[in-house]
Amino acid sequence: MHAIGIDIGGTKIAGGIVDEFGTILRAERVPSPADDPRAMEDAVVAMITSLSSGEQIGAVGVAAAGFIDSAQSTVYYAPNINWRNEPFRTKLEARIDLPVIVENDANAAGWAEFRYGAGRLYSDMVTLTIGTGVGGAIVANDRLFRGGFGAAAELGHLRLVPDGLPCGCGARGCIEQYGSGRALLRIANECADAPGVGVALAARRERNGVLTGADVGHLIMAGDEGALAALRQLGASLGQACASLGAVLDPQVFVFGGGVAAAGDLLLEPIRAAYRDHLPARGYHPEAEFAIAELVNDAGVVGAADLARLGADAQ
Ligand SMILES: [Zn+2]
């Protein structure tokens, strides 16, 4: 059975027809009317109608950032879209003649990695998406773990530092403040302010007025000592979080996605080292694998479609 996956972001809506091997057969992309719920609904319906014309489609999966109920139906809250208690599944099913599920975007992307990407050889997996913030997904015993209310795996808001830096979620010391792309920029700026290895970071900031993620990424790839030191500090925080997650979930693999994961082994090495240093019962606990996500930009579309197809098969 072919299914449609739709990934709603703050700036664009991506959609595609996905087969049972996780391959996107046809894709579309339109701007996202993020501040207008009615226009959002119309845009998603138009994309589903366009993708499904002349095709045999069995189900539709929609991925979006936010808290979504465990019935995969109502979006309680979306940070980038003007949705509050939005019954999006009911609204879509009233307008298209297909079963629909709505899923958190990090969960959908993690599921795609589990089925077709870096997690495909394992039964238990944790993904951490290192973008502007930190997203998470948990697969336990071959199943996506959603929690009792549907809001599980908000791993970016795991507390790493008691009374640490304030976080956008209202708490303090969340891993997102120490392990995200935004945190990498903060650490790089601190490195540029201090005497020592931050000279290239400081020079670039001086020239452009501000340090960007692209600047830091470029210096990392060029082997600059300051940028690499910032990345190692980021990795050390993420590795500590992985040790704690290991104590709870005992995954066989941690998969890292998002823009910062483009650093590859340069990111994974400090993560692995800090994980080993902080792993409870070190030396007696089997050590997890660490991998970079493989599906990158398509993961949300592929994962949402796959979850919709499996849900429709089960009925
Ligand atoms: Zn937080």
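This report describes the domains, sheets, core and selected backbone features of a predicted model.

Residue numbers start from 1 along each chain as its sequence is written. Because the model is predicted, local features need pLDDT of at least 70 and side-chain atom pairs count only at pLDDT 80 or more, whereas totals for chains, interfaces and linings use all residues.

## Domains and their contact

The domain assignment divides the protein into domain 1 (2–112 + 297–314) and domain 2 (122–293); such bounds come from an automatic or database domain assignment. The centres of domain 1 and domain 2, taken over C-alpha atoms, are separated by 28 Å. The contact between them takes 10 residues from domain 1 and 15 residues from domain 2, where two residues are in contact if their C-beta atoms, placed from the backbone, lie within 7 Å. On the side of domain 1 that touches domain 2, the elements giving two or more residues are β5 (67–68) and α3 (105–116). Here helices (H or I, at least four residues) and strands (E, at least two) are DSSP runs, numbered from the N terminus. Helix α3 supplies the largest share of that side, five residues. By residue class, this side of domain 1 comprises six nonpolar, three polar and one charged. In that division Ala, Val, Leu, Ile, Met, Phe, Trp, Tyr, Cys and Pro count as nonpolar, Asp, Glu, Lys and Arg as charged, and the others, Gly among them, as polar.

## The sheet β3-β2-β1-β4-β8

Five strands make up an open sheet of mixed pairing, in the order β3-β2-β1-β4-β8; two strands pair if DSSP finds at least two bridges between them. Strands β3 and β8 (100–104) are at the edges with a single partner strand each, so one side of each is left without a neighbour in the sheet. On average, neighbouring strands of this sheet are turned by 20 degrees against each other, direction ignored. Helix α10 (residues 299–314) packs on the sheet and touches β1, β2, β3, β4 (57–64) and β8, its direction making about 130 degrees with that of β4. For these angles, axes are lines fitted to C-alpha atoms, for helices over the stretch in contact, and values run from 0 to 180 degrees between N-to-C directions.

Strand β2 (residues 12–18) has six of its seven residues buried. A residue is buried if 20 or more other C-beta atoms lie within 10 Å of its own, exposed if 12 or fewer, and partly exposed in between, with C-beta atoms placed from the backbone.

| Pair | Bridges | Example of bridge partners |
|---|---|---|
| β1 (residues 2–8) and β2 | six | Ile-8 and Ile-13 |
| β2 and β3 (residues 24–31) | seven | Gly-15 and Glu-28 |

Strand β10 (residues 134–140) runs antiparallel to β11 and is joined to β11 by two bridges; Ala-140 has Arg-143 of β11 as its bridge partner.

## The nonpolar core

A nonpolar core is a set of buried Ala, Val, Leu, Ile, Met, Phe, Trp, Tyr and Cys residues joined through C-beta atoms within 7 Å. The largest such core has 95 residues, and those with the most contacts inside it are Ile-6, Val-62 and Ala-188. Helix α8 contributes its largest share, eight residues, and the core draws at least three residues from each of domain 1 and domain 2. Not counting residues up to four places away in sequence, Val-62 touches Ile-6, Ile-8, Val-44, Phe-88, Val-100, Val-102 and Ala-304.

## Positive phi outside glycine

Asn-85, in strand β7 (residues 84–86), has a positive phi near 50 degrees. Asn-85 counts as exposed because it has 9 C-beta neighbours inside 10 Å. Ala-153, in the loop between β11 and α4 (176–179), has a positive phi near 65 degrees. Ala-153 is buried, with 22 other C-beta atoms within 10 Å.
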